[in-house]
Amino acid sequence: MTSPIRPTNDEARQLARKLIHSARHGALGVLDPATATPLVSRIGLVPGPDGLPLALVSDLAHHTVALQANPACSILLGEPGGKGDPLTWPRLSLQGTAQFIRHGDPDHGALAIHYLTHSPKAKLYIGFADFSLLRIRVLSAHLNGGFGKAFVLIPADLTVVHSLST
């Protein structure tokens, strides 16, 4: 049987970067520490300076507790359009580990300013002590660009090389 995974090309890289760049939320998958079963939660995010997702999370959220216990996670990006089968629209699954950037960490100030340029309403709570920025250190990515367009990408395929237009 022939593999359904296509060789990664520039078109796939560009689509994956566009999905990250345009996402303002994603479905975050974690392992619940109490049950060791998967838990999925919607989180707000923006593209980080490196082009990879950057989120803002509260220590009070169940997904944050889970990530503190086990930083392994996944995130699904991409929204179906208004018409047609939702499974024909592009989507990107990222697998990786969570890295918390807390108040006082050297990168926090610059990343907080960056986050607020994309999500200005977060200024209401970004300074709260229980909120941290969250980077996903991507280990692998799976792009479904639509029917018959499956790709496996590596982190270097996703990082920003130049500015992307929305």
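Mentor: Start with the residue classes: Ala, Val, Leu, Ile, Met, Phe, Trp, Tyr, Cys and Pro count as nonpolar, Asp, Glu, Lys and Arg as charged, and the others, Gly among them, as polar. Keep in mind that this is a predicted model.

Trainee: How do the residues lining the largest cavity divide by class?

Mentor: The lining is made by Gly 48, Pro 49, Asp 50, Leu 52, Pro 53, Leu 54, Leu 111 and Arg 135. Gly counts as polar, while Asp and Arg count as charged. Leu and Pro count as nonpolar. The division is 5 nonpolar, 1 polar and 2 charged.

Trainee: How much space lies in the largest cavity?

Mentor: The count of cavities of 30 Å³ or more comes to 1. The space in the largest cavity is about 30 Å³.

Trainee: Which element gives the most to the lining of the largest pocket?

Mentor: That pocket holds about 180 Å³ of space. Two elements give two or more residues to its lining: β1 (25-31) and β4 (72-77). The lining has 13 residues, with Leu 76, Leu 77, Gly 78, Glu 79 and Pro 80 nearest the centre. The most, 3 residues, comes from β1.

Trainee: Is Leu 124 buried or exposed?

Mentor: Leu 124 sits in the loop between α3 (108-118) and β6 (131-144). With Tyr 125 and Phe 128, Leu 124 makes a nonpolar surface patch of about 320 Å². Exposed means over 50% relative accessible area. Leu 124 has 62%, so Leu 124 is exposed.

Key: Residues are numbered from 1 along each chain as its sequence is written. This is a predicted model: local features need pLDDT of at least 70, side-chain atom pairs count only at pLDDT 80 or more; totals for chains, interfaces and linings use all residues. Side-chain values use heavy atoms; hydrogens and water are left out. Patches are made of residues with over 30% relative accessible area and no salt bridge: like charges are joined within 9 Å, nonpolar side chains (Val, Leu, Ile, Met, Phe, Trp, Tyr) within 5 Å. Accessible areas come from the Shrake-Rupley method with a 1.4 Å probe; for residues, only the protein chains shown count as cover. A salt bridge is a side-chain nitrogen of Lys or Arg within 4 Å of a carboxyl oxygen of Asp or Glu. Helices (H or I, at least four residues) and strands (E, at least two) are DSSP runs, numbered from the N terminus. Buried means under 20% relative accessible area, exposed over 50%, partly exposed in between (1.4 Å probe, protein chains only). On a 1 Å grid over the protein atoms alone, a cavity is a set of points where a 1.4 Å probe fits but cannot get out, and a pocket is an open set with protein on both sides within 12 Å along at least five of seven lines; lining residues have an atom within 4 Å of a point. Grid points are joined across faces, edges and corners, and a volume is the space filled by probe spheres set on the points.
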